Amino acid sequence: LVVCRLTGYGQTGPLAHEAGHDINYVSITGLLPTISGHNTSRLWPPANLLADFAGGGLTAAFGIVAALLKREKNGGHGCIIDCSMSDGVSYLGSFVRRYQDMEHLWTRPFAAFSGDCPVYRAYKTKDGKWMAVGALEPKFSLSLFRILGMDKTVTDIYTDPEGLSAEMEKIFETKTQAEWIDCFDRQNACVTPILELDEAVQFRHNVERKCFVKEGDEFFPEPAPRMYALEEYKRLMSKL
């Protein structure tokens, strides 16, 4: 028998019997400050996705599948899985912890993942909506500058990040989100719209991939990942 015990803090340790929620499980991992970024007066947790669903639900599902595979190899012996949501989030954050000393990624102002890097942040549009910019690599940064009509180089990202951000803020506010979607369509500049839940189900990419299914008046995400037999996958790709 395979038994999975999914809890916030795990089966052992001082917090094993303490109550908590997603924000609590994330808070003790050291990762919450990296999520909130620099430009905030208080740390802002994401919706309860990290601990409850990623560090918890998905980690538990992965553990169960691994345990079933192990049972096939060890003569049929089951096990008890101790799945802590906090442990799961910590493990998901392995990249952050491994490279935490790289200042250009996390700690210094305008670092890549600090929330205020000019080529990796959100920009407000003319209609009060937002665009997500993730043009970290030079080829994407140059495409971004070209589409924005800016005479800039990659060097400007590091020599004057504050000035570059301010200039880009003004440019993004000259067009609506829909107009920027058209501008960046198939341009490989790593710029996408930040969508509300009801907007996501109507977004062209999501519609064509059939990412959501409608049940009554509500839309729900289709299961992921998708699995295809080889011949089915070949037929799918031949239509592109």
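This is a predicted model: local features need pLDDT of at least 70, side-chain atom pairs count only at pLDDT 80 or more; totals for chains, interfaces and linings use all residues.
Local features were taken only at pLDDT of at least 70 and side-chain atom pairs only at pLDDT 80 or more, while totals for chains, interfaces and linings use all residues. Residues are numbered from 1 along each chain as its sequence is written, and side-chain values use heavy atoms, with hydrogens and water left out.

With rings of Phe, Tyr and Trp (its six-membered ring) paired if their centres lie within 6.5 Å, and planes under 30 degrees apart called stacked, over 60 edge-to-face and the rest tilted, the count comes to eight aromatic pairs. One of them joins tyrosine 9 and tyrosine 25, edge-to-face at 5.0 Å centre to centre and 85° between the planes. Tyrosine 9 sits in the loop between strand S1 (2–7) and helix H1 (22–27), and tyrosine 25 in helix H1, so this pair ties together parts 16 residues apart in sequence. Helices (H or I, at least four residues) and strands (E, at least two) are DSSP runs, numbered from the N terminus. Tyrosine 9 counts as buried at 15% relative accessibility, as does tyrosine 25 at 8%; buried means under 20% relative accessible area (1.4 Å probe, protein chains only).

Tryptophan 180 and phenylalanine 184 lie four residues apart in helix H9 (residues 177–184), about one turn of the helix. Tryptophan 180 is buried at 1% relative accessibility and phenylalanine 184 at 7%. Together with Tyr123 and Phe172, these two form one aromatic cluster.

The charged end of arginine 121 sits over the ring of tyrosine 123, 3.9 Å from its centre, and lysine 175 lies over the face of tryptophan 180, at 5.7 Å from the ring centre. The rule asks for NZ of Lys or CZ of Arg within 6 Å of the ring centre and within 35 degrees of the ring normal.

How values were computed: Buried means under 20% relative accessible area, exposed over 50%, partly exposed in between (1.4 Å probe, protein chains only).
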